[in-house]
Protein chains: 2
Amino acid sequence: MSSGIVHDVVVNPNIIEMEYAVRGAIPQRAAELKKEGRKIIFCNIGNPQALGQRPISYYRQILSLIEDPGLISRERQLRKAIASSVRDASLMMKDDVLDKAEFILQKMESGMGAYTESRGPAFIREAIAHFIDTRDEVTSEEGVYANPDHIFLTNGASDAVKSVLEMLIAGPNDGIMIPIPQYPLYSATIKKYGGVQVNYYPDEDSGWSLERRALDESIQAARQQGVNVKAIVVINPGNPTGAIIDERSQREVISFAHENNLAIIADEVYQENVYDGRFVSFAKMLGRAPVPLFSLHSVSKGFYGECGHRGGYLEVRNAPNIKGTSANFIDILVKQASVSLCSNTVGQVLTYLMVTPPAPGSVSAASFAREKQQILDDLYHKAETIKEAFTRMEGIHCFGRIGALYLFPRMDRLPANTTDFDYCMQLLDTTGLCTVNGLGFGQKPGTHHLRIAFLPPAEMLQEVLPQWIEFHNRYVNS
Amino acid sequence: MSSGIVHDVVVNPNIIEMEYAVRGAIPQRAAELKKEGRKIIFCNIGNPQALGQRPISYYRQILSLIEDPGLISRERQLRKAIASSVRDASLMMKDDVLDKAEFILQKMESGMGAYTESRGPAFIREAIAHFIDTRDEVTSEEGVYANPDHIFLTNGASDAVKSVLEMLIAGPNDGIMIPIPQYPLYSATIKKYGGVQVNYYPDEDSGWSLERRALDESIQAARQQGVNVKAIVVINPGNPTGAIIDERSQREVISFAHENNLAIIADEVYQENVYDGRFVSFAKMLGRAPVPLFSLHSVSKGFYGECGHRGGYLEVRNAPNIKGTSANFIDILVKQASVSLCSNTVGQVLTYLMVTPPAPGSVSAASFAREKQQILDDLYHKAETIKEAFTRMEGIHCFGRIGALYLFPRMDRLPANTTDFDYCMQLLDTTGLCTVNGLGFGQKPGTHHLRIAFLPPAEMLQEVLPQWIEFHNRYVNS
């Protein structure tokens, strides 16, 4: 038995072919350089706390209290015990923090260590529905209320995307429309489940707006090749573009989906990252139109940036019935979720906290608002600083309003026979700045881009931006 | 736009057909009864904390501290501040708890809120490798050391099973051997990825031992139908049987896999739930045999029972190369993991705590050991109590040593034209006891079983077991 070799194995070809640039060749090179002792600034991924963003205290104190069931009463006992001897009340947790933790533990019934209902605890799904209705200013005459039973808590938004695409892709001719550029979770997942990626092209020069003609061209080309298009993905605010889709474009997508019998998958994980305007959800724009809608949200982005906790939700509207069965899409999503038992409870609670901020006037409201505003202001300021640096780089253009956590500039003057991949590799080697080249997200043939997450601390940007400008102007003239 | 209907949609047929009994019809009925105000004892699932098992304090205090980065230093400040005024030192966290939390936060670098490496942080994978080597008493002459780079942290074991099966099932003729009865995660996942479920039958009457002949018959029958068998799943200790596989059976599986060029998927999530013997891992038994081995472990079971936190790991040995490429299985697993970015950080840290218990003689060692032993003793005692009740039920036989969290008795005297499904539904309606019938796990045709998780508090068992005995003896004689 100790002799012999391990035989080669045939593996699912879709997984072999799948690509995922955000953690691809450039970040891998960056990790190697870091091991060699180089200082690397990881702007390849929207991972705010890895670049020093501090978690929101209110969230974390509550998570802390619910993990250790004895801590809440201990905190109250301690407070009495030290009232006379300790002046510094800031050492103690605030009353509303203790109350909220206690409330959550009571609602979770079995605490953080038990499997929950597969969809997630009912009280959290109800809070999410209320959050959506409030955000979208739903009134009974006009709008449609969110249904807690059509909400699923997930391990981040990635899980939700996978569940939906895995169901919609029923055969090798089933196609999913995705914007180009796109977040490679979509291309990877479509590939993985053996579907067809159907590209459509937002108009870069007009701030990545969506024209009906571009959508029609895309679906017609796909149909000519025998592709059965099932859904259209929209990412708003955009990833990698950072662009915010205007309401006219949203209406175009909805009427297009309606006429062509498509579901809409609305990736809205950056809905809090709208710095100089307001976010309008696809659910709100949809109103009573009979179009299936799958909306995603997550605790990873926004001002919370709690990527590591893997929390998020999927909300479904107009869930279709399943052809040839008596089942509805929701039933099958529930069954699918049940095989993984449930999403992680801490991510669930963070999602609950995300949708139930401290009430105005409550003890924690002011400090919460201050921390939140500081983070959002910082992000916007950093984005503007980088955008300003672009004006000093030859042939760089960056379109659209600032949204999400990314800038996606176009580079019009790369030397002949070089690609944005070469550029980003050289940029990494020269300055330590790790970005992802445009091809990793898809782009119009003949164009070159890169995506940078605007997350590094201001001091770091002050240091690296002049180096980038110098590198760039040398590179494009070489 | 407000007119029209939502069209039916065609959905991946594999997901439609997939079944998952553990959260199937009987538990759904139980949930309804509970809503109506009935008292239900949920023994359909291994969810210890839902039935009152308390979390290990050491684990939870550390989780509590790492969620709120300010708490460690605050705890130290408070201790000084109150030293003179508070006598009750038990209010404060122990030194080694504070130190360990501090160590973890320092190792996590960006805290709990950042995405980690896709496989999980290196320090945790190293600790897991060390845990495996210690558990398996590896010496350099004989054994093979675990490789931290071949370990993947996952959201519970379910995720790991899915990743591996999704890769191994490369086409509709690819088959996976699973024991009957089995944990339905396996049948569901094989179905989902469009592979063929190939049953093999451990011998119930000899305590679920594995005979080479049963394995040979299974693979030959599959091959005659054109099935290309890729791997064999073993669950040890067993789920649903609770049986512990003896070393002779382990050797049979390994030589069978070797000769037939199969990978072994060893589900070892119940490795701490061996109450009157010791656990021997497949990695240890494998030694230097060139058989690909995928071993799973999880924080959900054992004495920890931290189901809700969704932590676990996959360890790979003898990872095969991928036919037709220059890639190894590990490379593709890394890519696959990267699309989900990473598993949840709290589950990662709990996995770390699971593999690094307090050192003997440390401040927390005694209380940790006491809590652990109490839980394991309770579980064993409850299993014996239920087993004893079986002796008073006509025609019930329960084979094998007690392991895992389950008993899987055979019911030889069900009335003609009734099934174990009918029995379990009636049992639920009559006593409030929610179990899962044998068919949900698969069983030899003509036999009837049920699975019960031996988790309810002793008082609850005292109350319900006499009712069950009465119900049973009436049922089989009806």
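In which loop of chain A is Trp208(A) found?

1. Basis of the model. This is a predicted model, in which local features need pLDDT of at least 70, side-chain atom pairs count only at pLDDT 80 or more, and totals for chains, interfaces and linings use all residues. Residues are numbered from 1 along each chain as its sequence is written, while chains are lettered from A and ligands numbered from 1 in the order in which they are written. For chain A the average pLDDT (the predictor's confidence in each residue, from 0 to 100) is 92, and 97% of the residues score at least 70. For the complex, the predictor gives an ipTM of 0.93 and a pTM of 0.95.

2. Symmetry. Chain A is superposed on chain B by a rotation of 180 degrees with 0.0 Å of shift along its axis, at an RMSD of 0.0 Å; that is the relation of a two-fold axis. The superposition is by least squares on the C-alpha atoms of residues with pLDDT of at least 70 in both copies. Among the residues of chain A, Ser64(A) comes closest to the rotation axis, its C-alpha being at 2.0 Å.

3. The contact between the chains. Counting two residues as in contact if their C-beta atoms, placed from the backbone, lie within 7 Å, the contact takes 87 residues from chain A and 87 residues from chain B. The elements of chain A that give two or more residues to this side include helix H1 (13-17), helix H3 (57-67), helix H4 (71-82) and helix H13 (345-355); helices here are DSSP runs of H or I with at least four residues, strands are runs of E with at least two, and both are numbered from the N terminus. Of the interface residues of chain A, 99% are also interface residues in chain B, so the copies meet through the same surface.

4. Domains. Chain A is divided into domain 1 (13-52 + 368-476), domain 2 (58-110) and domain 3 (114-355), with bounds that come from an automatic or database domain assignment. The C-alpha centres of domain 1 and domain 2 of chain A lie 41 Å apart.

5. A sheet in chain B. Seven strands of chain B form an open sheet with mixed pairing, in the order E2-E8-E7-E6-E5-E3-E4, where two strands pair if DSSP finds at least two bridges between them. Strand E2 (151-154) and strand E4 (196-200) of chain B stand at the edges with a single partner strand each, so one side of each is left without a neighbour in the sheet. Within the sheet, strand E5 (residues 228-235) and strand E6 (residues 263-267) of chain B pair in the parallel sense over five bridges, and Ile235(B) has Asp267(B) as its bridge partner in E6(B).

6. Backbone details to check. Trp208(A) is found in the loop between strand E4 (196-200) and helix H9 (212-224) of chain A, and this residue has a positive phi of about 60 degrees although it is not a glycine. Most residues other than glycine have a negative phi, and most peptide bonds are trans. A cis peptide bond joins Asn236(A) and Pro237(A), with omega about -10 degrees, and Pro237(A) is found in the loop between strand E5 (228-235) and H10 of chain A. In chain B, a cis peptide bond joins Asn239(B) and Pro240(B), with omega about 15 degrees; Pro240(B) lies in the loop between E5 and helix H10 (247-260) of chain B.
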